[in-house]
Amino acid sequence: MKTYLDHLNELREERIEFMKDFFSKRLKELREERKYSQKTVANKLGCAVSTYANWEQGRTEPSIYDIYNIMWVYEIEPNELFYIEGVSKYKINN
């Protein structure tokens with residue numbers, strides 16, 4: 001039998017997966033909107049192309065330092081990267 005804590009942990013894991021997927025798709029959208037290659041963005045960020053590609057694929061996550069650099073490279077505000085206002089419409093129903 002699941003406990004309340006088990007249920008909360010499951011919800012947390014679902015939200016984490018949703019945000020990882022959302023973030024990686026957003027990175028790709030931003031890059032494609034500017035017609036940049038992954039190599040171009042990686043060079044601007046000072047990271048390996050494979051590192052940036054892994055972020056877009058959701059395999060790994062950038063550090064907070066890298067997130068600030070991403071916003072600088074794309075010249076965007078945090079809400080444009082994370083779409084904070086839109087997250088509430090993607091609530092996980094449980």
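The largest nonpolar core of this predicted model has 16 residues, and Leu27, Leu45, Tyr52, Trp55, Ile70, Tyr74 and Leu81 touch the most other members. A nonpolar core here is a set of buried Ala, Val, Leu, Ile, Met, Phe, Trp, Tyr and Cys residues joined through side-chain atoms within 4.5 Å, with buried meaning under 20% relative accessible area (1.4 Å probe, protein chains only). At least two residues of this core come from each of α1, α2, α3 and α4, and α4 gives the most, with five. Helices are DSSP runs (H or I, at least four residues), numbered from the N terminus.

So what does α4 look like? Helix α4 covers residues 64-74, and its buried residues are Asp66, Ile67, Asn69, Ile70, Met71, Val73 and Tyr74. They pack against α1 (4-33), α2 (38-45), α3 (49-57) and α5 (78-82), contact being heavy atoms within 4.5 Å. Just past the end of α4, Glu75 has a positive phi of about 55 degrees.

As for α2, its axis comes within 10 Å of that of α4, and the two cross at roughly 115 degrees; axes are lines fitted to C-alpha atoms over the stretch in contact, with angles from 0 to 180 degrees between N-to-C directions. Val41, Lys44 and Leu45 of α2 meet Asn69, Ile70, Val73 and Tyr74 of α4.

Residues are numbered from 1 along each chain as its sequence is written, and side-chain values use heavy atoms, without hydrogens or water. Local features need pLDDT of at least 70 and side-chain atom pairs count only at pLDDT 80 or more, while totals for chains, interfaces and linings use all residues.

How values were computed. Buried means under 20% relative accessible area, exposed over 50%, partly exposed in between (1.4 Å probe, protein chains only).
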